[in-house]
Amino acid sequence: MRLSVRLLAASALALTMAAAPAIAQDARTIREAEQLRDRALQDNVAYGLVSELTTRFGPRLAGSESEQASARWGADKFREMGFDNVSIEEFPLALWNRGEARVEILSPFPQPLEVVSLGGSHATPPEGIEGEAAIFETYQQMLDQPVGSLTGKIAVVLQDTVQAQDGRGYGATSPIRGNGPTEAARRGAVGYVLRSLGTHDHRFAHTGATRVGEGTVPSFAMSPPDADQLRRLIALTDQPVRMRLFSTAGFTGQTVSQNVIGEVRGSGAPDEIIVIGGHLDSWDLGTGAIDDGAGVAITAAALKLIEDMPRRPRRTIRVVWWGSEEVSQPAPSQGLAGARFYASSRTDEMANHVAISESDFGAGPIYSLGLPPGAADTDFRRAAQAVLTPLGVLFDGAPATGGGPDTGPTVALGVPAFRLNQDGTDYFDWHHTADDVLDRIDPDNLDQNVAAWAAFLWLLANSDVDFRALRPAQ
């Protein structure tokens, strides 16, 4: 990666100079963005940050002592890196614990299945739940069943998640996890099991959040090989499949989570704010390296490079390590507790938020840039493309309507989003599993991410582009 990127970067100057007459961005800013890009490929703090985070704190379940300790560590790191206005902002949280989970086939061919409880799910009775399995190849087949048709049964959905570079396979199947237990309960089911939302064939299960509260049932995800095993099993017999479910999962009390915030204050327009970041919490099975240790490290490392520049950016760049992205919460706020808190506590600042984006898709290389609606045919886009092309980053003509999960509440208040889209082809091989560990990160790919973020942010922070003004008329 580094050699090929350096060779591309060697020809970047000619590409940039050729484009310069059509670019309003001043030549100095463009040269500095190129320097940031190339410096990031040689040396940045991202890998050290994600390595220390995952090694020192391990899993960081939302609201846990580990997540809280990692936030204090993060604030200390921000101060060491020279960031301004460093703070930890706490908010209340219901604490969920996984407990134990077991699922087994009782008949006709008794055997255990490899499962995990879904995040936010509640416990079974102490003796567990037994019932006939109602098995569906697709989620839609279950939705097609009338209310009451699954009374007393355990609903099982075997639908696969399709591998895709942009993660759209996961987007298509995520309602199976998020809404499936509630929909199964509406049809009378007493329990729910789905094929993990993973794109691999390893025998470990993926967790992830589901809706919580009234009107749902204990819910589990099984490993992909176990889902395939169940397919083979039902092909061997006409007898009904009976299962037993057991779980001690549930909410155990009130605690706090927190957002960690730091910034590099702008020199010319300090009240104009660009927000970047990732989420600090993780699921409790692995160490949260790709989800989202990589993202918090990438964005902080990019900002550190900018902080080290001889001059300050014109606009303020704020990095946020959001808390509690993963675990669902009781109604009315089901998820994204840290992101919701950030937005709701700053409603009077939203007009000054220039743009927002987060890194929350692992550590695969960035392959395209998405800008807000109306920004495609602009000098700013042409400047960004000239600087990012040597990294293998193309311009995506589809407008960015969101900047990642934690940006959602802020985007809903009218703040424009941009995207630096990562290659997530293998992201859902490890996502939400015990295999989400540091070994899954390629340091060269991590460097490429930092290079793209640092260069793009420098261009944006030193421009006067107004994405709101560029929006097409409705």
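Predicted model: local features only at pLDDT ≥ 70, side-chain atom pairs only at ≥ 80, totals over all residues.
Local features need pLDDT of at least 70 and side-chain atom pairs count only at pLDDT 80 or more, while totals for chains, interfaces and linings use all residues. Residues are numbered from 1 along each chain as its sequence is written, and side-chain values use heavy atoms, with hydrogens and water left out.

The sheet is open, has 8 strands and mixed pairing, and runs in the order β3-β2-β9-β5-β6-β7-β8-β4. Strands here are DSSP E runs of at least two residues, numbered from the N terminus, and two of them pair if DSSP finds at least two bridges between them. At the edges sit β3 and β4 (115–117), each pairing on one side only. On average, neighbouring strands are turned by 30° against each other, direction ignored; the axes behind that angle are lines fitted to C-alpha atoms, and angles run from 0 to 180 degrees between N-to-C directions.

Strand β2 (residues 101–107) is antiparallel to β9 (residues 242–247), with 6 bridges, and Glu104 is partnered with Arg244 there. Towards β3 (residues 111–113), β2 makes 3 antiparallel bridges, Val103 facing Leu113 as its bridge partner; a 3-residue hairpin links the two strands. By contrast, β5 (residues 129–136) and β6 (residues 154–157) are parallel over 4 bridges, with Ala133 bridged to Ile154.

As for nonpolar cores (buried Ala, Val, Leu, Ile, Met, Phe, Trp, Tyr and Cys joined through side-chain atoms within 4.5 Å; buried means under 20% relative accessible area with a 1.4 Å probe, protein chains only), the largest holds 95 residues, and Tyr192 and Phe418 touch the most other members. Helix α15 (residues 443–461; helices being DSSP H or I runs of at least four residues) gives the most to this core, 13 residues. A second, separate core of 18 residues includes Leu113 and Ala133, along with Val156 and Val193.

Definitions and conventions: Buried < 20%, exposed > 50% of the residue type's maximum accessible area, 1.4 Å probe, protein only.
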